[in-house]
Amino acid sequence: MEPRIHNGSTVIVRVQNDANNNDIVIVMIENEATCKKYHKYSDSVVLNPINTNYEPIILDKNSNIKILGKVVRVIEDFWNIKVLFAVL
């Protein structure tokens, strides 16, 4: 089952600067952050969109991208109400 991240969803991200193939990550590309599924190959990095209406981003392995973190949880925004509980 493919992950779904809708407009209005909140993603919880573990800050880290590396990723494994198929991880959903927050990546900085040319001063713009994006949320994509990460795939590293010997000569390139492919960032596949979660939303199939968009095209993959294919980058040379030497491209200047920065992994900001890995998505560890998605919180849906049902009826525009966001509830997030934290243990203090």
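Trainee: In which loop does Glu 30 lie?
Mentor: This is a predicted model with residues numbered from 1 along each chain as its sequence is written; local features need pLDDT of at least 70, and side-chain atom pairs count only at pLDDT 80 or more, while totals for chains, interfaces and linings use all residues. Side-chain values use heavy atoms, with hydrogens and water left out. Strands here are DSSP runs of E with at least two residues, helices are runs of H or I with at least four, and both are numbered from the N terminus. On that numbering, Glu 30 belongs to the loop between strand 2 (24-29) and strand 3.

Trainee: Is Glu 30 buried or exposed?
Mentor: The classes rest on relative accessible area, computed with a 1.4 Å probe on protein chains only: buried is under 20%, exposed is over 50%, and partly exposed is in between. The relative accessible area of Glu 30 is 73%, so this residue is exposed.

Trainee: What is the phi of Asn 31?
Mentor: Most residues other than glycine have a negative phi. Asn 31 is in the loop between strand 2 and strand 3, and its relative accessibility of 77% makes it exposed. Asn 31 is not a glycine either, yet its phi is positive, at about 65°.

Trainee: How far is the C-alpha atom of Lys 66 from that of Asn 31?
Mentor: Lys 66 is part of strand 6 (residues 65-75). Lys 66 counts as exposed because its relative accessibility is 52%. Along the chain Lys 66 and Asn 31 are 35 residues apart, and their C-alpha atoms are separated by 9.7 Å.

Trainee: What separates the C-alpha atoms of Ile 29 and Ile 65?
Mentor: Ile 29 is in strand 2 and counts as buried, since its relative accessibility is 15%. Ile 65 is in strand 6 and, with a relative accessible area of 22%, is therefore partly exposed. The C-alpha atom of Ile 65 is also 5.7 Å from that of Met 28, which is 37 residues away along the chain. Ile 29 and Ile 65 are 36 residues apart along the chain, and the distance between their C-alpha atoms is 5.1 Å.

Trainee: How far apart in space are Tyr 38 and Asn 48?
Mentor: Tyr 38 has its place in strand 3. Its relative accessible area is 6%, so Tyr 38 is buried. In sequence Tyr 38 and Asn 48 are 10 residues apart, while from C-alpha to C-alpha the distance is 6.6 Å.

Trainee: How many helices and strands does the protein chain have?
Mentor: Read along the sequence, the chain gives the pattern β-β-β-β-β-β. The count is zero helices and six strands.

Trainee: In which strand is confidence highest?
Mentor: Confidence is given as pLDDT, the predictor's value for each residue from 0 to 100. The protein chain has a mean of 84, with 83% of its residues at 70 or more. Strand 1 (residues 10-15) has the lowest mean, 90, and the highest, 95, belongs to strand 4 (residues 44-49).

Trainee: Over the ring of which residue does the charged end of Lys 36 sit?
Mentor: A charge counts as over a ring if NZ of Lys or CZ of Arg is within 6 Å of the ring centre and within 35 degrees of the ring normal. The charged end of Lys 36 is 5.9 Å from the ring centre of Tyr 54.

Trainee: Which strand gives the most to the lining of the largest pocket?
Mentor: A pocket is an open set of points, on a 1 Å grid over the protein atoms alone, where a 1.4 Å probe fits and protein lies on both sides within 12 Å along at least five of seven lines; lining residues have an atom within 4 Å of a point. The largest pocket has 15 lining residues, and those nearest its centre are Ile 5, His 6, Asn 7, Ile 50 and Asn 51. With three residues, the strand that gives the most is strand 3.
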